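Welcome! Please keep the sequence and the 3D view side by side as you read this briefing.

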Amino acid sequence: MFWFASAAQQLFEPQKTGAWMASAAFAVCFALTLGYGIVRASNAPPAAAPVRVAALATPAGLPDRFFEGCASRDDHACRDAGARKRFDALFASAEAAVRSGAALVVWPEAGAQYDAALEPEFMARAGAFARRHGVYLVAGAAQVAPEPNAPMANKALVFDPAGRLAFDYHKAIPVPGEPIVAGDGQVHSVTTPFGRLGVVICFDADFPALVRKARRSGVDVLAIPANDWRAITPLHGQMARFRAIENGLAVVRATSNGLSLVADATGNVLAQSDSFAHPGGIASARLQMAARVTAYSRIGDAFAIACAALLAGLVAMTLLRRKREAE
């Protein structure tokens, strides 16, 4: 954008020599870049057989917090009942996805919510679900600590078709003010028959370096449990497509409130569902998960850093020249 602005601006200054040359150089580079992208997108290499995936929104009718309506924090019977109500609704929605053929089911951020003491019960139920249906389950969960006002654990629990916990991932980059314990930023993954599966959570996906770390570790498909609000819907959901394009990996974004989507390794949206328009909707599609090598996955921000260094050098040269002229 900056290059275009500077090249176009020179066209309005006839006294400038070489203005058309600068504009032509920009036009050629832009055409080559766009043309390469079009050719690359239309000539995708052969990939593994597609597999059906499903991204769930929070089922309709559930409150945003599992303990809403309970008299106090000490009312454990009420709080546990609220947590189990969420479990029931989420597993029912996941059952519907499995019936449609999904082999990978992704829940939204903090889909399951519970006090810490209830976690073993939830883990057992989630493992049993994955084992019974022979699917991979990425369960977004919020575990509330026993101590009042203590930060929550905002995480994703990944179960394999044998019902085992393959790994858990804690949100690495909290939204400012978000009361959670931040994870270590290590993107774990598990090998599946349809590609290597990794996970980040919501705001994490806004940071290209973190997703690039996932791609460099061999991830083919990135599950993104998320939770948005109206003001940033659908834009925040669509931003996940940039991570797919940059890194050549597929994304499955399941959003509590907002846009859930499934996008392939070129950023093409195969399915999407806006929970504000369709509460409890499921975005489901057949997805080829073989990742593709991209320039960004290899060199990261090296080009942007080089441009910044070049700009700094040009500024320094200009200041030095003016200083000499003043002398």
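How many residues of the lining of the largest cavity are nonpolar, how many polar and how many charged? The lining divides into 4 nonpolar, 1 polar and 3 charged residues. Here Ala, Val, Leu, Ile, Met, Phe, Trp, Tyr, Cys and Pro count as nonpolar, Asp, Glu, Lys and Arg as charged, and the others, Gly among them, as polar.

This is a predicted model, in which local features need pLDDT of at least 70 and side-chain atom pairs count only at pLDDT 80 or more, while totals for chains, interfaces and linings use all residues. Residues are numbered from 1 along each chain as its sequence is written, and side-chain values use heavy atoms, with hydrogens and water left out.

**The cavity**

- The structure holds 1 cavity of 30 Å³ or more. On a 1 Å grid over the protein atoms alone, a cavity is a set of points where a 1.4 Å probe fits but cannot get out, and lining residues have an atom within 4 Å of a point.
- The volume of the largest cavity is about 30 Å³. Grid points are joined across faces, edges and corners, and a volume is the space filled by probe spheres set on the points.
- Its lining is made by Cys-202, Ala-205, Asp-206, His-236, Met-239, Ala-240, Arg-243 and Arg-253.
- Helix H6 (residues 235–247) provides the largest share of this lining, 4 residues. Helices (H or I, at least four residues) and strands (E, at least two) are DSSP runs, numbered from the N terminus.

**The pockets**

- A pocket, by contrast, is an open set of points with protein on both sides within 12 Å along at least five of seven lines.
- The largest pocket has a volume of about 1,400 Å³. Of the 30 residues that line it, Thr-33, Ile-245, Ala-295, Tyr-296 and Phe-303 are the closest to its centre.
- Two or more lining residues come from each of helix H1 (2–11), helix H2 (19–42), H6, helix H7 (295–299) and helix H8 (302–326). H2 gives the most, with 9 residues.
- By class, the lining of the largest pocket has 19 nonpolar, 7 polar and 4 charged residues.
- The second largest pocket holds about 1,100 Å³ of space. Among its 45 lining residues, Asp-64, Arg-65, Ala-110, Met-152 and Asn-227 are the closest to the centre.
- H3 and strand S4 (136–144) each supply at least two residues of the lining of the second largest pocket, which divides into 22 nonpolar, 11 polar and 12 charged residues.

**Two helices side by side**

- The axes of helix H3 (residues 76–99) and helix H4 (residues 119–133) come within 12 Å and cross at roughly 10°. Axes are lines fitted to C-alpha atoms, for helices over the stretch in contact, and angles run from 0 to 180 degrees between N-to-C directions.
- H3 and H4 are therefore roughly parallel to each other; angles under 35 degrees count as roughly parallel.
- Residues in the contact (heavy atoms within 4.5 Å) include Phe-87 and Phe-91 of H3 and Phe-122 and Phe-129 of H4. The contact has 7 nonpolar, 1 polar and 6 charged residues.

**The disulfide**

- Cys-70 and Cys-78 form a disulfide, with their sulfur atoms 2.1 Å apart; the cut-off for such a pair is within 2.5 Å.
- The link of Cys-70 and Cys-78 is left-handed, with -90° about the S-S bond.

**Backbone details**

- Most residues other than glycine have a negative phi, and most peptide bonds are trans.
- Asn-149 is not a glycine, yet has a positive phi of about 70°. Asn-149 sits in the loop between S4 and strand S5 (153–159).
- The peptide bond from Thr-233 to Pro-234 is cis, with omega near 5°. Pro-234 is in the loop between strand S9 (221–226) and H6.

Technical notes
Parallel < 35°, antiparallel > 145°, perpendicular 65-115°, else oblique.
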